[in-house]
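Work through the two exercises below with the structure in view. Each task is followed by its solution in steps.

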Amino acid sequence: MSIESLQHEMQQKRLTSFELVAAFAKRVAEHDQEGIGVNAVAEWNPDAFAIAAALDGERQRTGVRGPLHGIPILIKDNLDTADHMHTSAGSLALSESYAAEDAEVARRLRAAGAVLLGKTKMTEWANFMAEGMPSGYSSRGGQVKNPYGPGEFDVGGSSSGSGAAIAAGFAVAAIGTETSGSILSPSSENMLVGIKPTVGLVSRYGIIPISHSQDTAGSMAKTVADAALLLQAIAGCDLRDPATGAAGAVPDYRSCLLERGLEGVRLGVPRSGYYEHLGADQLAVMEQAMDDLRRLGAVIVDPIELSAKRENGYEVLLYEFKSALNSYLRKVDARLPVHSLKELIEFNDADKERMLRYGQAILLASEETSGSLTDPAYLNARLRDLRYAREEGIDRALREHSLDALLFPANYGAAIAAKAGYPSVTVPGGKLENGCPFGVTFTSTAFTEAQLIRMAYAYEQGTMHRVAPDLA
């Protein structure tokens, strides 16, 4: 059921938030560790039932706070919460870490009346630890599984637990975070809608970081409408995060949910570099998507050249990770074993069997940087990313072809959008021959979430590709 339909049931007194939390608790008990063993939930909030009961009482006394009142939401295990739940980024090094205050995203969700049901597992350190670490693996949580093909299909990373949990029906929707592909990938792999916002639309305060330049939280849900409502709740200015000063007023995303929202929209298809390595069944999904988009009124400009040069390196992240993680870790409780990247590396080395199943090559590479963001190598890399991703990349393609957005397969365009700090929305596009879900992704320039949501909703309503996994 959608958020809107759940609210209607609660308003008609046919359902309570308490009963909804109980239903999700039953489902987690049946399928997370038991059953097919999705292994997506890191912690259950012991206050969830009490919060739901309190919100039910508030509904009767004074009415609802908004669309999320009483709605159970899961959040990724790199968002701070000042409650009984830990914040660990999937690492045993922080397995006993309790945050002193809520991340701004968590604070906004509580204020909106959402029930924070628990935390989802994730790829350790948001997959910025080791080369070859599988999506969804962490020393603290083990391996998250894709409910559409447990142990067979990639679950997507690093918001893998958020993706698998919502696909499996463990909550209404979830919060993920992305530095490069970590909302888009698990959303695509788990047949969900994922909104990766412009960097600066959603506060990063209280989120264990990788990169000042690319990190953002976003919404993951079964429908575009639910993902839009969740984004509405978490977006907005936060004085503790200077990036949010550029966003301005947040639009009403509900007004973008138009079935005819694709009429006259111009979409560019960047074949070179993004489509040429697709498998035949992946390409078939995208060709069908283009046919459907035309049928729904869009103009497909195919092909377009996206950029003269594409940079695939992550030098910027290596520099920013050391600086950002050291800043975060110095504030955690003094009784914890790590307070810097250097101490984290040493902690891992002291327990290789549990901590270094896939090594820590990326942590080591980051530690080897100067740690100074005045280093010419860092500044030049950052300027290069901005130039090739923005001016000579996405913005140039949009301008030269008078486009409203670019059309990418799944998360294949995640890197260039991430380096630009630009938004993307992915929507289920169907399944591959082996049954694995595959998404269709719309990307555009800064703060165009409203337009992307409009396109994604019209495509979703015109195709209705999502089907639930069989957990029997």
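A contact here means heavy atoms within 4.5 Å. The model is predicted.

**Exercise 1.** Describe the overall build of the protein chain: what share of its contacts with a separation of 6 or more joins residues 24 or more positions apart, and how does its radius of gyration stand against the globule rule?

Solution. 
1. Take the contacts with a separation of 6 or more: 75% of them join residues 24 or more positions apart.
2. Count the elements: the protein chain has 15 helices and 13 strands.
3. Compare the radius of gyration, 21 Å, with the 23 Å that the globule rule gives for 472 residues. The two values are close, so the protein chain is as compact as a globular protein of that length.
4. Turn to burial: of the 472 residues, 61% are buried.

**Exercise 2.** Describe how helix H9 (residues 315-329) packs with helix H13 (residues 376-400).

Solution. 
1. Two packed helices are described by the angle between their axes and by the distance between those axes.
2. For H9 and H13 the angle is about 125° and the axes lie 8 Å apart.
3. The crossing of H9 past H13 is left-handed.
4. On the H9 side, Glu315, Val316, Tyr319 and Glu320 make the contact. H13 contributes Ala377, Tyr378, Ala381, Arg382, Arg384 and Asp385.
5. Sorted by class, this contact holds five nonpolar and five charged residues, and no polar ones.

Technical notes. Residues are numbered from 1 along each chain as its sequence is written. This is a predicted model: local features need pLDDT of at least 70, side-chain atom pairs count only at pLDDT 80 or more; totals for chains, interfaces and linings use all residues. Side-chain values use heavy atoms; hydrogens and water are left out. Axes are lines fitted to C-alpha atoms, for helices over the stretch in contact, and angles run from 0 to 180 degrees between N-to-C directions. Helices (H or I, at least four residues) and strands (E, at least two) are DSSP runs, numbered from the N terminus. A crossing is left-handed if the near helix is turned anticlockwise from the far one by less than a right angle, and right-handed if clockwise. Ala, Val, Leu, Ile, Met, Phe, Trp, Tyr, Cys and Pro count as nonpolar, Asp, Glu, Lys and Arg as charged, and the others, Gly among them, as polar. The radius of gyration is taken over C-alpha atoms; the globule rule is 2.2 Å times the number of residues to the power 0.38. Buried means under 20% relative accessible area, exposed over 50%, partly exposed in between (1.4 Å probe, protein chains only).
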